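User: I have a new model open on my screen and would like to understand it piece by piece. Could we go through it together?

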Amino acid sequence: MLDVKMDVWFYESDVDEPSKVIVDVLIARDIATDERPQGGAVIVKIDEKLGLTKEKYRTNVLLRKDGTTLYLTKDLALAKVKFEQHHVDRSIYVVDSRQALHLQQAFAILKLWGFPQSEKCYHLGYGFVSLPEGAMSARRGRVVLFKDVADEAVKRVLLVETEKSADIPIEERGKIAYQIGMGALVYSMLSVDNNKDIVFDINEALSFDGRTGPYIQNAYVRANSILKKSKVEGQKSDLGPSTFDYELTKHEVELIELISRFPQTVEQAANEYRPLVMAAYAYDLANAFHSFYHAVNVLQTEDEKIRNARLQLVMAARQTIENALRLLDIQAPEVM
(Lines give C-alpha, C1' and ligand atoms only; values in the text may rest on other atoms or scores of the structure.)
Protein backbone atom coordinates (compact mmCIF):
# COMPACT_ATOMS: atom_id res chain seq x y z
CA MET A 1 0.00 0.00 0.00
CA LEU A 2 2.90 2.36 0.73
CA ASP A 3 4.76 1.33 -2.43
CA VAL A 4 7.70 0.04 -0.36
CA LYS A 5 9.64 -2.60 -2.27
CA MET A 6 11.47 -5.44 -0.49
CA ASP A 7 14.41 -6.89 -2.43
CA VAL A 8 14.88 -9.91 -0.18
CA TRP A 9 12.66 -11.60 2.40
CA PHE A 10 14.38 -13.52 5.22
CA TYR A 11 12.34 -16.21 6.95
CA GLU A 12 13.02 -17.09 10.56
CA SER A 13 12.73 -20.81 9.90
CA ASP A 14 15.53 -20.63 7.31
CA VAL A 15 18.13 -19.68 9.91
CA ASP A 16 17.11 -21.97 12.76
CA GLU A 17 19.49 -24.83 11.92
CA PRO A 18 22.36 -22.59 10.68
CA SER A 19 22.16 -20.67 13.96
CA LYS A 20 22.93 -23.89 15.89
CA VAL A 21 26.09 -24.33 13.81
CA ILE A 22 27.04 -20.75 14.69
CA VAL A 23 26.74 -21.58 18.37
CA ASP A 24 29.26 -24.42 17.91
CA VAL A 25 31.63 -22.00 16.14
CA LEU A 26 31.35 -19.47 18.96
CA ILE A 27 32.02 -22.18 21.56
CA ALA A 28 35.09 -23.33 19.59
CA ARG A 29 36.39 -19.77 19.50
CA ASP A 30 35.88 -19.35 23.25
CA ILE A 31 33.37 -16.56 22.67
CA ALA A 32 30.49 -18.63 24.04
CA THR A 33 30.55 -20.81 27.15
CA ASP A 34 28.83 -24.21 27.06
CA GLU A 35 27.27 -24.90 30.44
CA ARG A 36 25.01 -27.69 29.22
CA PRO A 37 27.13 -30.41 30.86
CA GLN A 38 26.30 -28.76 34.19
CA GLY A 39 22.62 -28.56 33.31
CA GLY A 40 22.86 -24.98 32.05
CA ALA A 41 22.70 -23.31 28.65
CA VAL A 42 25.17 -21.91 26.11
CA ILE A 43 25.89 -18.34 27.16
CA VAL A 44 28.07 -15.40 26.19
CA LYS A 45 29.54 -13.36 29.04
CA ILE A 46 29.73 -10.30 26.80
CA ASP A 47 31.25 -7.79 29.22
CA GLU A 48 33.90 -10.26 30.33
CA LYS A 49 34.84 -11.19 26.74
CA LEU A 50 35.11 -7.51 25.78
CA GLY A 51 37.28 -6.84 28.82
CA LEU A 52 34.82 -4.36 30.34
CA THR A 53 35.10 -3.75 34.08
CA LYS A 54 31.63 -2.21 34.39
CA GLU A 55 28.46 -4.04 33.42
CA LYS A 56 27.13 -2.89 30.06
CA TYR A 57 25.97 -5.79 27.90
CA ARG A 58 25.59 -8.43 30.67
CA THR A 59 25.38 -12.14 29.89
CA ASN A 60 23.05 -13.59 27.29
CA VAL A 61 21.82 -17.05 26.36
CA LEU A 62 22.51 -18.37 22.84
CA LEU A 63 21.10 -21.87 23.21
CA ARG A 64 18.76 -23.27 25.85
CA LYS A 65 19.78 -26.40 27.68
CA ASP A 66 17.29 -28.38 25.56
CA GLY A 67 19.16 -27.26 22.42
CA THR A 68 16.55 -24.80 21.12
CA THR A 69 17.53 -21.42 19.73
CA LEU A 70 16.41 -17.93 20.76
CA TYR A 71 15.85 -14.66 18.88
CA LEU A 72 19.45 -13.68 19.56
CA THR A 73 20.77 -16.87 17.95
CA LYS A 74 18.72 -16.25 14.83
CA ASP A 75 19.70 -12.57 14.72
CA LEU A 76 23.35 -13.65 14.58
CA ALA A 77 22.58 -16.08 11.74
CA LEU A 78 20.66 -13.41 9.83
CA ALA A 79 23.54 -10.93 10.23
CA LYS A 80 25.98 -13.52 8.87
CA VAL A 81 23.79 -14.03 5.79
CA LYS A 82 23.48 -10.28 5.22
CA PHE A 83 27.21 -9.65 5.63
CA GLU A 84 28.53 -12.61 3.65
CA GLN A 85 25.91 -13.25 0.97
CA HIS A 86 24.56 -9.74 0.40
CA HIS A 87 27.74 -7.80 1.30
CA VAL A 88 25.84 -5.42 3.55
CA ASP A 89 28.10 -2.69 4.87
CA ARG A 90 25.62 -0.87 7.12
CA SER A 91 22.67 -2.63 8.74
CA ILE A 92 19.74 -0.72 10.24
CA TYR A 93 17.42 -2.67 12.55
CA VAL A 94 13.96 -1.06 12.68
CA VAL A 95 12.65 -2.65 15.85
CA ASP A 96 10.62 -1.67 18.93
CA SER A 97 12.75 0.56 21.20
CA ARG A 98 12.20 -1.87 24.10
CA GLN A 99 14.54 -4.28 22.30
CA ALA A 100 17.49 -1.88 22.66
CA LEU A 101 19.56 -4.05 25.02
CA HIS A 102 18.89 -7.20 23.01
CA LEU A 103 20.20 -5.62 19.81
CA GLN A 104 23.20 -4.02 21.51
CA GLN A 105 24.09 -7.51 22.78
CA ALA A 106 23.76 -8.93 19.26
CA PHE A 107 26.03 -6.20 17.83
CA ALA A 108 28.60 -6.82 20.61
CA ILE A 109 28.68 -10.57 19.88
CA LEU A 110 29.09 -9.86 16.16
CA LYS A 111 32.07 -7.70 17.09
CA LEU A 112 33.56 -10.49 19.22
CA TRP A 113 32.96 -12.85 16.29
CA GLY A 114 35.11 -10.60 14.10
CA PHE A 115 32.62 -8.89 11.79
CA PRO A 116 33.80 -5.31 11.10
CA GLN A 117 30.25 -4.47 9.96
CA SER A 118 29.18 -4.75 13.61
CA GLU A 119 30.41 -1.17 14.06
CA LYS A 120 27.84 -0.05 11.48
CA CYS A 121 24.87 -1.91 12.89
CA TYR A 122 22.28 0.56 14.13
CA HIS A 123 19.06 0.07 16.07
CA LEU A 124 16.39 2.48 14.83
CA GLY A 125 13.94 2.05 17.68
CA TYR A 126 10.35 3.19 17.60
CA GLY A 127 7.70 3.80 20.25
CA PHE A 128 4.15 2.65 20.72
CA VAL A 129 1.15 3.99 18.83
CA SER A 130 -1.88 4.60 21.03
CA LEU A 131 -5.26 6.28 20.55
CA PRO A 132 -6.57 9.50 22.18
CA GLU A 133 -8.73 7.32 24.44
CA GLY A 134 -5.72 5.31 25.59
CA ALA A 135 -3.55 2.35 24.68
CA MET A 136 -4.92 -0.31 22.37
CA SER A 137 -6.29 -3.31 24.21
CA ALA A 138 -7.71 -6.53 22.76
CA ARG A 139 -9.47 -7.19 26.07
CA ARG A 140 -11.31 -3.89 25.91
CA GLY A 141 -12.00 -4.22 22.19
CA ARG A 142 -9.78 -1.26 21.40
CA VAL A 143 -7.62 -2.67 18.62
CA VAL A 144 -7.16 -0.77 15.38
CA LEU A 145 -5.85 -2.39 12.20
CA PHE A 146 -3.79 -0.29 9.79
CA LYS A 147 -5.95 -1.26 6.80
CA ASP A 148 -9.10 -0.07 8.57
CA VAL A 149 -7.48 3.29 9.42
CA ALA A 150 -6.17 3.71 5.87
CA ASP A 151 -9.57 2.94 4.36
CA GLU A 152 -11.28 5.39 6.74
CA ALA A 153 -8.75 8.12 5.94
CA VAL A 154 -9.25 7.74 2.19
CA LYS A 155 -13.02 7.62 2.63
CA ARG A 156 -13.04 10.88 4.62
CA VAL A 157 -10.82 12.68 2.11
CA LEU A 158 -13.00 11.46 -0.76
CA LEU A 159 -16.08 12.97 0.88
CA VAL A 160 -14.32 16.34 1.10
CA GLU A 161 -13.03 16.05 -2.48
CA THR A 162 -16.52 15.20 -3.77
CA GLU A 163 -17.95 18.25 -1.98
CA LYS A 164 -15.26 20.79 -2.88
CA SER A 165 -13.76 19.49 -6.12
CA ALA A 166 -16.75 18.48 -8.19
CA ASP A 167 -14.94 19.64 -11.35
CA ILE A 168 -12.35 16.86 -10.96
CA PRO A 169 -13.36 13.54 -12.66
CA ILE A 170 -14.57 10.85 -10.23
CA GLU A 171 -11.75 8.39 -10.97
CA GLU A 172 -9.19 11.17 -10.47
CA ARG A 173 -10.79 12.06 -7.14
CA GLY A 174 -10.28 8.51 -5.92
CA LYS A 175 -6.57 8.63 -6.74
CA ILE A 176 -6.16 12.02 -5.05
CA ALA A 177 -8.05 10.86 -1.96
CA TYR A 178 -5.74 7.87 -1.71
CA GLN A 179 -2.63 10.06 -2.02
CA ILE A 180 -3.87 12.48 0.64
CA GLY A 181 -5.18 9.80 3.01
CA MET A 182 -2.00 7.72 2.90
CA GLY A 183 0.15 10.84 3.09
CA ALA A 184 -1.70 11.91 6.22
CA LEU A 185 -1.05 8.56 7.90
CA VAL A 186 2.63 8.45 6.95
CA TYR A 187 3.30 12.02 8.04
CA SER A 188 1.54 11.53 11.38
CA MET A 189 3.99 8.69 12.13
CA LEU A 190 7.20 10.24 10.78
CA SER A 191 6.64 13.71 12.23
CA VAL A 192 7.16 12.34 15.74
CA ASP A 193 10.67 11.36 16.84
CA ASN A 194 10.92 7.62 16.24
CA ASN A 195 11.78 6.69 19.84
CA LYS A 196 8.76 8.51 21.26
CA ASP A 197 5.28 7.08 21.66
CA ILE A 198 2.62 8.39 19.29
CA VAL A 199 -0.97 9.28 20.11
CA PHE A 200 -2.69 8.90 16.76
CA ASP A 201 -5.72 11.13 16.13
CA ILE A 202 -7.17 10.66 12.64
CA ASN A 203 -8.89 14.05 12.75
CA GLU A 204 -5.60 15.83 13.38
CA ALA A 205 -3.76 13.73 10.79
CA LEU A 206 -6.26 14.63 8.05
CA SER A 207 -6.36 18.34 8.80
CA PHE A 208 -5.38 20.70 5.96
CA ASP A 209 -4.01 23.14 8.52
CA GLY A 210 -1.04 22.69 10.81
CA ARG A 211 1.76 20.17 10.91
CA THR A 212 0.18 17.54 8.66
CA GLY A 213 0.75 15.71 5.40
CA PRO A 214 -2.24 17.30 3.61
CA TYR A 215 -0.96 20.80 4.54
CA ILE A 216 2.39 20.06 2.86
CA GLN A 217 0.72 18.43 -0.16
CA ASN A 218 -1.47 21.53 -0.49
CA ALA A 219 1.64 23.73 -0.78
CA TYR A 220 2.80 21.59 -3.70
CA VAL A 221 -0.62 21.88 -5.35
CA ARG A 222 -0.62 25.67 -4.97
CA ALA A 223 2.82 25.92 -6.56
CA ASN A 224 1.64 23.65 -9.34
CA SER A 225 -1.42 25.85 -9.91
CA ILE A 226 0.69 29.02 -10.28
CA LEU A 227 2.97 27.34 -12.84
CA LYS A 228 0.03 25.97 -14.84
CA LYS A 229 -1.59 29.40 -14.99
CA SER A 230 1.71 30.91 -16.11
CA LYS A 231 1.85 28.40 -19.01
CA VAL A 232 5.45 27.66 -18.01
CA GLU A 233 4.68 23.97 -17.32
CA GLY A 234 7.84 23.48 -15.32
CA GLN A 235 10.38 24.41 -18.02
CA LYS A 236 12.91 27.01 -16.90
CA SER A 237 13.88 27.61 -20.52
CA ASP A 238 10.37 29.01 -21.17
CA LEU A 239 10.84 31.80 -18.66
CA GLY A 240 13.27 33.93 -20.58
CA PRO A 241 15.75 36.21 -18.78
CA SER A 242 15.29 36.45 -15.02
CA THR A 243 17.51 37.76 -12.25
CA PHE A 244 17.12 38.28 -8.53
CA ASP A 245 18.69 41.74 -8.53
CA TYR A 246 15.54 43.46 -7.27
CA GLU A 247 14.67 44.08 -3.60
CA LEU A 248 13.43 40.74 -2.33
CA THR A 249 10.54 40.52 0.11
CA LYS A 250 11.12 38.80 3.44
CA HIS A 251 8.92 35.93 2.20
CA GLU A 252 11.15 35.38 -0.84
CA VAL A 253 14.29 35.48 1.29
CA GLU A 254 12.87 32.93 3.75
CA LEU A 255 11.76 30.61 0.93
CA ILE A 256 15.13 30.79 -0.85
CA GLU A 257 16.97 30.13 2.41
CA LEU A 258 14.83 27.07 3.17
CA ILE A 259 15.20 25.63 -0.33
CA SER A 260 18.99 26.00 -0.03
CA ARG A 261 18.93 23.92 3.18
CA PHE A 262 17.48 20.84 1.47
CA PRO A 263 20.77 18.95 0.76
CA GLN A 264 22.17 19.40 4.27
CA THR A 265 18.80 18.42 5.78
CA VAL A 266 18.77 15.18 3.80
CA GLU A 267 22.31 14.48 4.97
CA GLN A 268 21.44 15.25 8.59
CA ALA A 269 18.35 13.00 8.51
CA ALA A 270 20.41 10.15 7.05
CA ASN A 271 23.38 10.57 9.42
CA GLU A 272 21.13 10.76 12.48
CA TYR A 273 18.72 8.03 11.28
CA ARG A 274 15.84 10.44 12.02
CA PRO A 275 12.96 10.74 9.53
CA LEU A 276 11.64 13.48 11.84
CA VAL A 277 14.34 15.84 10.54
CA MET A 278 12.99 15.55 6.99
CA ALA A 279 9.36 15.68 8.18
CA ALA A 280 10.00 18.91 10.11
CA TYR A 281 11.83 20.42 7.13
CA ALA A 282 8.97 19.55 4.74
CA TYR A 283 6.52 21.35 7.04
CA ASP A 284 8.76 24.42 7.41
CA LEU A 285 9.20 24.62 3.63
CA ALA A 286 5.46 24.24 2.99
CA ASN A 287 4.72 26.86 5.65
CA ALA A 288 7.17 29.29 4.04
CA PHE A 289 5.61 28.68 0.64
CA HIS A 290 2.06 29.24 1.95
CA SER A 291 3.22 32.57 3.43
CA PHE A 292 4.91 33.51 0.14
CA TYR A 293 1.78 32.50 -1.82
CA HIS A 294 -0.46 34.80 0.24
CA ALA A 295 1.92 37.78 0.44
CA VAL A 296 3.80 37.99 -2.87
CA ASN A 297 2.38 38.69 -6.32
CA VAL A 298 3.75 36.34 -8.96
CA LEU A 299 1.48 36.25 -12.00
CA GLN A 300 0.26 39.84 -11.50
CA THR A 301 3.77 41.27 -11.33
CA GLU A 302 4.17 43.79 -14.16
CA ASP A 303 7.97 43.70 -14.35
CA GLU A 304 8.72 40.68 -16.55
CA LYS A 305 12.15 40.00 -14.99
CA ILE A 306 10.70 39.99 -11.47
CA ARG A 307 7.80 37.83 -12.63
CA ASN A 308 10.17 35.31 -14.21
CA ALA A 309 12.41 35.27 -11.16
CA ARG A 310 9.43 34.58 -8.90
CA LEU A 311 8.21 31.85 -11.23
CA GLN A 312 11.65 30.23 -10.98
CA LEU A 313 11.36 30.43 -7.20
CA VAL A 314 7.91 28.81 -7.32
CA MET A 315 9.33 26.10 -9.58
CA ALA A 316 12.24 25.44 -7.21
CA ALA A 317 9.87 25.34 -4.21
CA ARG A 318 7.53 22.90 -5.95
CA GLN A 319 10.39 20.57 -6.87
CA THR A 320 11.91 20.70 -3.38
CA ILE A 321 8.56 20.04 -1.68
CA GLU A 322 8.04 17.07 -4.01
CA ASN A 323 11.54 15.74 -3.21
CA ALA A 324 10.98 16.10 0.54
CA LEU A 325 7.63 14.31 0.31
CA ARG A 326 9.13 11.52 -1.80
CA LEU A 327 11.81 10.91 0.82
CA LEU A 328 8.99 10.55 3.37
CA ASP A 329 7.20 8.09 1.03
CA ILE A 330 4.36 10.58 0.46
CA GLN A 331 2.99 11.28 -3.02
CA ALA A 332 2.42 14.81 -4.25
CA PRO A 333 -1.01 15.18 -5.93
CA GLU A 334 -1.19 17.51 -8.90
CA VAL A 335 -4.52 18.95 -7.75
CA MET A 336 -6.66 18.66 -4.61
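User: Where does Leu-103 lie?

Analyst: Happy to start there. This is a predicted model, in which local features need pLDDT of at least 70, side-chain atom pairs count only at pLDDT 80 or more, and totals for chains, interfaces and linings use all residues. Residues are numbered from 1 along each chain as its sequence is written, while side-chain values use heavy atoms, with hydrogens and water left out. Helices (DSSP runs of H or I, at least four residues) and strands (runs of E, at least two) are numbered from the N terminus, and Leu-103 lies in helix H4.

User: Does Leu-103 count as buried or exposed?

Analyst: Buried means under 20% relative accessible area, exposed over 50%, and partly exposed in between, with a 1.4 Å probe and protein chains only. Leu-103 has 3% relative accessibility, so the term for Leu-103 is buried.

User: How many aromatic pairs does the structure hold?

Analyst: Rings of Phe, Tyr and Trp (its six-membered ring) pair if their centres lie within 6.5 Å; planes under 30 degrees apart count as stacked, over 60 as edge-to-face and the rest as tilted. By that rule, the number of aromatic pairs in the structure is nine.

User: Why is the pair of Phe-83 and Phe-115 called tilted?

Analyst: A pair of aromatic rings is described by the distance of the centres and the angle of the planes. For Phe-83 and Phe-115, the centres are 5.3 Å apart, and the pair is tilted because the planes meet at 55°.

User: How many residues apart in sequence are the parts that Phe-83 and Phe-115 tie together?

Analyst: Phe-83 belongs to helix H3 (residues 71-84), whereas Phe-115 sits in the loop between helix H4 (100-113) and strand E5 (121-126). Phe-83 is buried, with 4% relative accessibility, and Phe-115 is buried too, at 11%. The pair therefore links parts whose separation in sequence is 32 residues.

User: Which kind of pair do the rings of Trp-113 and Phe-115 form?

Analyst: Trp-113 and Phe-115 are both buried, and together with Phe-83 they make up one aromatic cluster. The ring centres of Trp-113 and Phe-115 are 4.9 Å apart and the planes stand at 85°, so this pair is edge-to-face.

User: Which residue lies over the face of Tyr-93?

Analyst: A charge sits over a ring if NZ of Lys or CZ of Arg is within 6 Å of the ring centre and within 35 degrees of the ring normal. For Tyr-93, the distance from the ring centre is 4.4 Å, and the residue over its face is Lys-82.

User: What does the side chain of Thr-73 lie 2.5 Å from?

Analyst: Thr-73 is found in helix H3 and is buried at 1% relative accessibility. A polar contact is a pair of N or O atoms within 3.5 Å; within protein, one must be able to donate a hydrogen and the other to accept it, and residues adjacent in sequence count only if both atoms are side-chain atoms. Here a polar atom of the Thr-73 side chain is 2.5 Å from the backbone oxygen of Leu-62.

User: What volume does the second largest pocket have?

Analyst: On a 1 Å grid over the protein atoms alone, a pocket is an open set of points where a 1.4 Å probe fits, with protein on both sides within 12 Å along at least five of seven lines. Grid points are joined across faces, edges and corners, and a volume is the space filled by probe spheres set on the points. For the second largest pocket, this comes to about 350 Å³.

User: Which element gives the largest share of the lining of the second largest pocket?

Analyst: Lining residues have an atom within 4 Å of a point; there are 15 here, and among the closest to the centre are Ala-269, Arg-274 and Leu-327. Strand E4 (91-96), helix H10 (262-272) and helix H11 (275-295) each supply at least two of the lining residues. The largest share is three residues, and it comes from H10.

User: How many charged residues does the lining of the second largest pocket have?

Analyst: Ala, Val, Leu, Ile, Met, Phe, Trp, Tyr, Cys and Pro count as nonpolar, Asp, Glu, Lys and Arg as charged, and the others, Gly among them, as polar. The lining has twelve nonpolar residues and no polar ones, and the number of charged residues is three.

User: How far apart in space are Pro-275 and Asn-194, C-alpha to C-alpha?

Analyst: Pro-275 lies in helix H11 and is partly exposed at 29% relative accessible area. Along the sequence, Pro-275 and Asn-194 are 81 residues apart, while their C-alpha distance is 7.7 Å.
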